[in-house]
Amino acid sequence: MNWYEKLNKYFPVEEMKSKEHMELLLKEKADIYHKDEGPNHVMMYVETDDFTFVDYLFVSKDARGQGLGKKLLNNLKAKHKPIILEVEPIDYEETDTEKRQRFYNREGFKHAQSIGYRRRSLATNEVNELEILYWSPTDESEHSIYEKMKHTYENIHTYKDKELYGSSYEDVDQVLTYNNPSDDDQPTV
């Protein structure tokens, strides 16, 4: 099974980019979009000067519980910049969602309470709500995480969307919201 098939089998259709989209990112945005692949994992991620965004992290069932996911995240943490990712909210009927959130919590990720994320899937036309989790070596503000997420959405998620999917994703301001009046006047890091 190739890397895309592994991701496509594991992640819900509404969260998946097309293979063409990811291959285009790997080719045309090779300076920031990367694939880390091994026999038991696939990790697609964005690395900029000031943050890392994990687009997809897959560890095969056979390798779970052996520290592979932790090792992959530790490799990113060693770069000393914030790490951001999107996860499905916990669905108690879908045990993987709870396990996934527990794993990230153990790894020091915080839930960005101030950031709302609702995106219409071009594959299913359904609106999906995801949670933004982040890890930071410094005390990064949620407003800063929000700005980095907007950058990711505009430059990665919607990259050539009209060309690739025949229609465009919604504008970033319709998808991502920020609501935390307490740090509105704090500078963006």
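The following legends describe close-up views of a predicted model.

Residues are numbered from 1 along each chain as its sequence is written, and side-chain values use heavy atoms, with hydrogens and water left out. In this predicted model, local features need pLDDT of at least 70 and side-chain atom pairs count only at pLDDT 80 or more, whereas totals for chains, interfaces and linings use all residues.

View 1. Helices (H or I, at least four residues) and strands (E, at least two) are DSSP runs, numbered from the N terminus. The C-alpha atoms fill a box of roughly 50 × 40 × 40 Å along the principal axes. For 189 residues, a compact globule would have a radius of gyration near 16 Å, and the value of 16 Å for the chain agrees with this; the radius is taken over C-alpha atoms, and the globule rule is 2.2 Å times the number of residues to the power 0.38. Of the 189 residues, 51% are buried, where buried means under 20% relative accessible area, exposed over 50%, and partly exposed in between (1.4 Å probe, protein chains only). The chain exposes about 10000 Å², of which carbon and sulfur atoms supply 43%; accessible areas come from the Shrake-Rupley method with a 1.4 Å probe, and for residues only the protein chains shown count as cover. Among contacts (heavy atoms within 4.5 Å) with a separation of 6 or more, 62% link residues 24 or more positions apart.

**View 2. Helix H1 (residues 3-10) has Trp3, Tyr4, Lys6 and Leu7 as its buried residues.** Seen down the axis of H1, these residues fall within an arc of 160°, so they line one face of the helix; the arc is that of the directions from the helix axis to the C-beta atoms. They pack against helix H2 (19-28) and against strands S1 (33-38), S2 (41-47) and S3 (52-59). At the start of H1, a side-chain oxygen of asparagine 2 comes to within 2.9 Å of the backbone nitrogen of tyrosine 4.

**View 3. Six strands form an open sheet with mixed pairing, in the order S1-S2-S3-S4-S8-S5.** The edge strands, S1 and S5 (110-111), each pair on one side only; two strands pair if DSSP finds at least two bridges between them. S1 and S2 run antiparallel and are joined by six bridges. Tyrosine 45 in S2 is the bridge partner of histidine 34.

**View 4. Strand S6 (residues 115-120) has side chains that alternate between two faces.** Three bridges connect S6 with the antiparallel strand S9 (residues 176-178), where threonine 177 stands opposite glycine 116. Three bridges also connect S6 with the antiparallel strand S7 (residues 127-129), where asparagine 128 stands opposite arginine 119. The hairpin of S6 and S7 has six residues between the strands, and asparagine 125 takes a positive phi near 65° in this hairpin.

**View 5. Histidine 80 and lysine 160 lie in loops.** Histidine 80 is located between helix H3 (68-77) and strand S4 (83-87). Its phi is near 60°, a positive value in a residue other than glycine, and histidine 80 is exposed, with a relative accessible area of 62%. Lysine 160 is placed between helix H5 (142-157) and helix H6 (161-165). The phi of lysine 160 is also positive, near 50°, and this residue counts as partly exposed at 31% relative accessibility.

Methods
Polar contact = N/O pair within 3.5 Å; in protein donor to acceptor, adjacent residues only side chain to side chain.
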